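Have the sequence and the model side by side, and follow along.

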Amino acid sequence: MDGLEAAAVSVLKRAVELDTKRRWTESMTCYQEGLHLLMEVIKGLPEGPRRSAFRTKATEYMDRAEKLKTQIEAEKRLGKYHEQLHIDEDSTGHSYESVFGRFLDSAVTVVEVEDPYIRAVHQCYNFLRLCELCVRKCPRLRQITLLTGSDPGDADVQRERLNKIGASLSERGVKLAITFSETLHDREIRINNGWIIKIGRGLSYFKPPASKFCLGYNDLDLRPCQETTVDIIHKAASK
């Protein structure tokens, strides 16, 4: 088995695993990626039984992906779509892009963030990372709103950090609207394509890095996490 074939098998195996766990939007992403790799493998094979077998498997995966897409759309219309991810203590591979980046696309123009703890330096950096992801994935993005709590220890410094993020976003044509609440408890991200991501710990579910020169300091997929649960729903299901 060559590298491309091994990659296709690995990704499609992951798609089936996620499909079984009802993490369907993640599964769809893996089916699409795995099928792309599988088609590249098929192109490189001569005509014969092996190529025929691969074509049969590709058709099976395509049929399942199409049925899954139909199922997702049907549950969205009925207001029943709900997907849950449990992040284990000290696990890795859970950057913002990995957890919900698939919902950020060219149709998105507004992202709303509610998190009572965008206060300390590391919390503001996490919010900045989210803003960077939104700008990178959403070319038509026009506004990010943040509802958070005011830092009782140093509200002026908190506001200064957030205003700097706002100024940087403005250079990209994106407005940052900030509102403070003393009673906010819920943590969620609402995207104006209908998806809502509720993270039990909010944006700050990553453990502190051991140092500024260790793996995971910049790449959050390599950063160990604290245990938390992520619920993904569509707005029709949030009523």
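Start with Glu-160 and Lys-164, whose side chains form a salt bridge with an N to O distance of 3.6 Å. Keep in mind as you look that this is a predicted model. Why do Glu-160 and Lys-164 sit about one helical turn apart? Both belong to helix 6 (residues 155-170), and they are separated by about one turn because they are 4 residues apart there. Glu-160 is partly exposed, at 43% relative accessible area, while Lys-164 has 56% and counts as exposed, because the cut-off for that word is over 50%.

There's also a network to find: Glu-112, Glu-114, Glu-188, Arg-190 and Lys-198 are joined by salt bridges that share partners.

Now for pairs that reach across the chain. Glu-97 and Lys-137 make a salt bridge, and their closest N and O atoms are 3.8 Å apart. This one ties together distant parts of the chain, with Glu-97 in helix 4 and Lys-137 in helix 5 (residues 121-137), 40 residues apart. Glu-97 is partly exposed at 35%, and so is Lys-137 at 26%.

Next, look for the salt bridge between Asp-90 and Lys-207, at 2.7 Å from N to O. Here 117 residues separate the partners: Asp-90 lies in the loop between strand 1 (82-87) and helix 4 (96-100), and Lys-207 in the loop between strand 6 (195-199) and strand 7 (228-234). Asp-90 is partly exposed, with a relative accessible area of 46%. Lys-207 is partly exposed too, at 21%.

What lets such pairs form? Side chains of opposite charge can pair when their charged atoms come close. And how many salt bridges are there? The count comes to 21.

Conventions:
Residues are numbered from 1 along each chain as its sequence is written. This is a predicted model: local features need pLDDT of at least 70, side-chain atom pairs count only at pLDDT 80 or more; totals for chains, interfaces and linings use all residues. Side-chain values use heavy atoms; hydrogens and water are left out. A salt bridge is a side-chain nitrogen of Lys or Arg within 4 Å of a carboxyl oxygen of Asp or Glu. Helices (H or I, at least four residues) and strands (E, at least two) are DSSP runs, numbered from the N terminus. Buried means under 20% relative accessible area, exposed over 50%, partly exposed in between (1.4 Å probe, protein chains only).
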